[in-house]
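Have the structure open while you read.

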Amino acid sequence: MKLFGLVFVLALFGFGVVMMRIEINRSGRNISQLQNEVEIKEARNQYLQLEISRLSSPGNITRLAQEKLGMVPAKPHEIVLLEEK
Amino acid sequence: MFKRPASSPFVFNVKSRMRAAGMVILLAPLCIFVRLFYMQTFLYEEFSSKAERAIYNYLAEDRLRGKILDVNGRELAESVRTHSCGVNKRYVQDKNKTVQFLSETLGMPKKTILDKWKRASNFFFVAKKIKPDKYIKISQILRTRLGQGLELTPEYERIHPYGESALDLIGASNSKNYGLSGIEQMYNRELSQDISKKRAKRARRGEIIYDRKLKEELSVANVYLTVDAVAQFYAESALKKAVEEVGAEHGVAVVQEPKTGKILAAASYPVKDGQSLAFQFTYEPGSTFKTIAVSSALDAGVVRVTDSIDMDGRKWEIARGVVVRDNQHEKDFLSVPEIMQLSSNIGAGKIALELGAKNLFYYIKAFGFGTKTDINFNGESKGNVPPYSKWTKVDTATKGYGYGVAVTPIQLINAYSAVANGGILMQPHIIDRIEYAGGKVEKKSKPVKIRRVLKQETSDTMKKVLQSVVEAGSGKRARITGYQVAGKTGTAEKLSKEGGYAKRSHVASFCGFAPVSDPQFTVLVILDNPAKYSFGGTAAAPVFKEIMERMLAMKGIQPDQLDFE
C-alpha cells in the first residue's frame, strides 16, 4: 500500500512535470510567435516612418508643389503676417 | 575452476571487483574534472577573451547609433534596423525550392544564389541589409519546412531620409557603425552605443541575448545641429543651380545668425560626405576682405568715412615695379563708401597702409582669421595670416584688398556677422544640443561672445557703407525688394601653378546681411573658378539674393524698407 502510494505520488509528480513542460513549450512558441509579429510590425513601422521623413523632405515638397501645383516661392515682401509673435 | 595461489596480491572477490570497476568508471570523470580544473584555472584568460571577442565583435556590428537631427528635430541621419539573410546549407530541406523562394523574394537571379551556394562550405549570406517587406516575407516562412536553414541576422543601416542634404556636414559611418568623417566622427563617442555597458550572452543557436537590465537604446545620444533642414535645402538648391549654371568647380553657401553665431545652413557643392567646404576650403578672399581692412581703419580712427582718397590717376605704384590699377572707374578721388561701392583696390590698399601693418594684423587676428573656430570640424583649416613682421609695404597694401591672406568661409562669414551685430565676434556654433540617454540635455549653442572687434559706431557706419554697395555699387544684384541689404562682392584671382596669379581663374564671392536695421541672417556665397560670369557681383550676388529672400520669407522677417513698390 505504502509502495502504491509512493508510486502514485511519483506518477502524479511526473505527470505534473510533463504537463508543465508541455505548457512551457506552448507558451514559448506563443511568445516567440508574438515576438516575431512585434518585430515585423516594428520593421514595417520604421520603414513607414522613414517614408514619411523622405516624403516630407523640403526637396520633395518643393518639387511636388512646383510640378503638380505650379507653385512658386513667395517673395518675402509678399508675405503678410497676421499676428506678430 | 581456476584458482589463484593464496599468496597472490590480487583478490578477485566481488567487493574488489566493484571497487576496481568503480575506479575505472570514475577515471573518465576524473580526467574531465582535471582538464576542466586546468582550463578554469590556467586557460581562463584565453577562453574568456575568446568568448568576449565572439560576442563583442557581434555587438560592435549590431550596435545602434544615435540620430543626427536638425534644430527642429528633423532626422538627417538615423540607424534603421535591417537584416541580412543567410543560408545554413546543412539544414536546408529542399535546395531547389529554397533557392526559388529566395530568388523571388529578394529579387535576385537564381544563378547568383547558386553561385554563392557552390562557393560556400556551409554558411553564406544571400543578401545584406534587406528591406522590411522582404524581411517580413522571409520571417513568415522561417518556421516552415521551406524556411529551414534560412537565417535572418539583425544589423543597422545608416539612413539619410533627406538624401544628400547636409551630408557634407553629417559625414559617414562605416558598416561597424563607427563615425569616419564629419559630425559622425566628431561626436562618435556620443552617437555610439557604449558596448562596454552592453552585456550579452550567446544562446545555443548563436542568437545574442541582451542583459535584461540594459535595453539597447539606453546608451546612445541624439545630436541636434543648429542647421535648419529647410534653410539647408534652400542654400543647397540655390548653390547647385549656380555652380552648374556658371560652370564652377566648387561652391560654398553658408547662412549664419549674426546675433548668436549659429550656423543655419552650410552647403557645399559637389557634395562629398564629411567634406564641408565651409570649414575646409581655404582661399584668398579678394575684395570681400576690404570690409575687414576698411572697418579696421575706421575703428582705429586713421580714416574717416567722409575722407577722400587720391586715386593717383587710377594707376598706383606701391613700390618700384608694383603697380595697382583701377579700371572700373574714372574718378581721381574716392570717398570710403565709393571705394567699397566701386571695389577700388587702390583705395583699400592705401587705407591698409594708413592703418599700418601691425594694426591691420591685430585687427585681422581679432576678427578670427588665422585661427580655427572652436567648432573644430574635422579637417577644418585655420587659414593663413603671416606675421606682420614679415610684411613688406606691398604685402600690407595687398592685404587691404584680400590678397596674401588665406581664409575659410566660416571665418569670413563670422567676421561679417561681427560687423552686422554691432562689432562683437561671436563663437560660431554647428551643434545645438545633445540629448543623452535618460533625458539629460546638454545645450551647446548658447551665444558666446569671443571679443568686441569694432566699436558700435564703426559697425553702424560699416553697415551703411555696405548697404551703399548693394544699392549703388557692385552688389546691385543682391538687392531684395522691401529690405535693406548690406554686402560686398569679391572677385579674387587664383594662384596659378606656374607662379603668380592666373588671370582667367577666379573665386567669385558675395558676403552680406539683412535686414540692415536689425540683421537676422548673414549669407556667404563662394563660387570657385566659374567658367562664365567670373565676377562676384554677377555670379555670386544673385545666389546670395535667392538664399536671403527665402530665409527672410521662411522666418517671416518684416520688410525694413517701406517705400518699395
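At what angle do helix α3 (residues 95–106) and helix α4 (residues 110–119) of chain B pack? The angle is about 130°, and their axes are 9 Å apart. Here axes are lines fitted to C-alpha atoms, for helices over the stretch in contact, with angles running from 0 to 180 degrees between N-to-C directions. That makes α3(B) oblique to α4(B); under 35 degrees would be roughly parallel, over 145 roughly antiparallel and 65 to 115 roughly perpendicular, with the rest oblique. From α3(B) the contact takes Val99(B), Leu102(B) and Ser103(B), and from α4(B) it takes Lys110(B), Ile113(B) and Leu114(B). Contact means C-beta atoms, placed from the backbone, within 7 Å.

A word on the ground rules: this is a predicted model, where local features need pLDDT of at least 70, side-chain atom pairs count only at pLDDT 80 or more, and totals for chains, interfaces and linings use all residues. Residues are numbered from 1 along each chain as its sequence is written, and chains are lettered from A and ligands numbered from 1 in the order in which they are written. Helices (H or I, at least four residues) and strands (E, at least two) are DSSP runs, numbered from the N terminus.

Next, look at α14 (residues 357–366) of chain B, where Ala357(B), Leu360(B), Phe361(B), Tyr363(B) and Ile364(B) are buried. Buried is 20 or more other C-beta atoms within 10 Å of a residue's own, exposed is 12 or fewer, and partly exposed is in between, with C-beta atoms placed from the backbone. Down the axis of α14(B), the buried residues fall within an arc of 165°, so they line one face of the helix; the arc is that of the directions from the helix axis to the C-beta atoms. Their cover includes α11 (290–300), α13 (345–355) and α15 (393–400) of chain B. Just after α14(B) comes Gly368(B), with a positive phi of about 100°.

Most residues other than glycine have a negative phi, and most peptide bonds are trans.

| Site | Backbone value |
|---|---|
| Tyr269(B) to Pro270(B) | cis, omega near 0° |
| Ala514(B) to Pro515(B) | cis, omega near -15° |
| Lys129(B) | positive phi of about 45° |
| Arg314(B) | positive phi of about 60° |

Lys129(B) is in strand β3 (residues 123–130) of chain B, while Arg314(B) is in the loop between β10 (308–310) and β11 (315–319) of chain B.

How values were computed:
Two residues are in contact if their C-beta atoms, placed from the backbone, lie within 7 Å.
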